[in-house]
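Please read it beside the structure.

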Amino acid sequence: MSELRIAVAGNPNVGKTSLFNLLTHSRYKVGNYPGITVETREGRLRVHEDPDKPITLIDLPGTYSLTPTAEDEAVAFRVLTGADGHPRPDAVLLVLDASNLARNLYLALQVVELGLPCVIALNMVDLADRAGVPVDVDALAAALELPVVPTVARSGEGIETTAAMLRSLGPALATPLPNALEARVSKDPARARWLLSAALADALELTGATTSEREALAALDPEQIRTAVRTQIEARYAKVDRLLAGVIPAEPERAQLAAPAMVRSAQIDRVLTHRVFGPLIFLGVMALVFQSLFSWADPLIGLIEGAIGWLGDVTRNALGEGAFTDLLTEGVIAGVGNVVVFVPQIALLFLFVGLLEDSGYMARAAFIVDRLMARVGLNGKAFVPLLSGYACAIPAIMGTRTISGFKDRLVTILMIPFMSCSARLPVYSLVIGALFAANERVFGPFTQGGLILLGMYMLSTVSALVIGAIYKRTLLRGPVPPLVLELPPYRLPRIRDTARHVWDRTADFLRDAGTIILAVTVVLWGLLSYPKVEPESLAEGETAIEHSLAGRLGKSIEPVLTPIGQDWRIGIGLIGSFAAREVLVSTLGMVYGIESDVDEDDTPLREVIRDAKTPEGEPRYGKASGLALMVFFVFACQCMSTLAVVKRETRSWRWPAFMLISMTVIAYVAALLTFWGAKAFGL
Amino acid sequence: MAFQSGKTLAELEIGQRAIVKDVVGEGRMMVRLLEMGFVPGVSVALVKRAPLGDPLELRLRGYHVSLRRAEAGAVLVEARVDEARA
């Protein structure tokens, strides 16, 4: 049984994914390419399905060209030419926006040069008609010598015909002959052209070029490459303009400049990117996203925590007390809880990101905020993930996939855990409540507690921006990513596509990062519970947790913690808080043997911490210790879930390891400075 | 209609149209601009500036694209002076 593989290529914002979703089964797999974080989706064609002749569609990243100025284009070209051990596809389905052929046809010509049989889906023909620039479909098909199917992904028009065309593919196309310069680089003219443009764009590392290809390129005169690539691009656009003249009956000036599909959008933009209203609306939209992550997810998270607790109780009742029951309830079920608890925030963020992207607003948001982000060395697209980091780093890091360019994505990923996430709040609140006069007014309505909290958030924000700027200039040095950003026409998002996007990302998290989080939870539970001691054998004031592995570890790291004003009890808490930062509170509760549920109300714990004395009768924790602990939490990467997601997104343990080590060092140094600084000020 | 040469895209007035003459500068950006359609001979118009003054919104080839002033500075144009709003 031979399976046909057909790549789906097209510009961004042309309805390519909608078309892919309509043509394929809802179950598909994600294709990974070694060393690259961009993914492609593969799905089985379901329209006119023929079990004897299965067809697999490969959805390529949306790109404007195949020249590898970023990973997206590199992946598109590598898939189309069969690199990385994947076979070359048998054909290409090219999705073009009928209302914007003047730009869309450029990619089409580039793809046609590869010589694969092509079918063109001329999408959004309804919009082109309405905008007064109807396309003469037959003339386009005749000019390109390719089958062209008018489609409207929104209504499903043309889907059947497209599928039928894919079942009756035409022959391979003739490829242009290589010129003398191209022949020196590769026997395959398309590859030669691609490598030449990559060399000019200084992006050879994305191409997987062989040593002999690199040597051939290095031997050429750079000025010659420059001229050759330019000539090539200008020749393609000259051909586009010739094609347009015969295909769009409207006057050529309109195709050259006016944007008929943008007329309504330009009116909307008079408000949405207005000098005053634009930023205000942007702030409103961002506040909505932030608020939803911060508080709308709460009831759902509460429900999940309730259900996990209930499941634990039921299991305990059914199995009776015992070591296996503990493993199941406190290890496995709690671990599942630690994974599932992120689902509401992930789903909400991707719902918003999906709606913002598909409606066209995301591009406007980047347009408005780019000036600020450029200061750090990033472009406007990094803003939404960074903001989401205040709620939770997990969805935020997953949200960086909208940023093109691996280095820029990585800088953003490394910045996000510095943003003070909601799990740090219980820690700040415990320390402030225990060691400071939280309600003492400082001035106006501002209390000491509120100002300390504000200080922690400001510290985290400033640090994230500084760290980003540093990485961008050192470790991950690169030019400020150019902002060549299309401002597409506003469109109503299709709920089905958005829902599918939300589901994909959530399932992806559960499958890949979830397994790591579950495993680490079980290990942490083991560390905190074993070896067990009988309650009778405990000395006065001792708790069982002191005898566990984590307890011993906590005691053994005390010499390291003393300089930053902490003791072994906090040490145990720090180990426990790897499960999630707020677990510091419940672990400290266990250390101090507090029976009541400290998650719900930490008042008893606050009092114990406030009243704790050293053997010499001094208070065990002072204000300096408290500040140092909070500062430690601002910087430290005390969160295995963050590390698991970074591993997922960067496809290696290198970056999570770097993140953990660098953040712990920064946290330690910052806590040290805080502690001794505070001491010097007499706190 | 009158043209004024020796300008770059970054120097257009809001609403002013221009014809692209050349794209200069470093390779990656040049390739990108050319491939997005800023080839010699094409008409471009400056639609607006972002609220903070940068980037710019431009119209060409039936679509709108945003470029930073620094990037737009690499596109040399011949501006149409008769249409510029003072």
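How many bridges join strand β2 (residues 17-23) of chain B to β3(B), and in which sense do the two run? The reply is in point 2. This is a predicted model, in which local features need pLDDT of at least 70, side-chain atom pairs count only at pLDDT 80 or more, and totals for chains, interfaces and linings use all residues. Residues are numbered from 1 along each chain as its sequence is written, while chains are lettered from A and ligands numbered from 1 in the order in which they are written.

1. The contact between the chains. Chain A puts 40 residues into the contact and chain B puts in 33, where two residues are in contact if their C-beta atoms, placed from the backbone, lie within 7 Å. On the side of chain B that touches chain A, at least two residues come from each of α1 (27-35), β3 (43-49), β4 (56-60) and β5 (63-67). Of these, α1(B) gives the most, with 7 residues. Helices (H or I, at least four residues) and strands (E, at least two) are DSSP runs, numbered from the N terminus.

2. Strands within chain B. β2(B) and β3(B) run antiparallel and are joined by 3 bridges; two strands pair if DSSP finds at least two bridges between them.

3. A pairing across the chains. Strand β10 (residues 485-486) of chain A runs antiparallel to β5(B), with 2 bridges joining them. Glu486(A) has Val65(B) as its bridge partner in β5(B).
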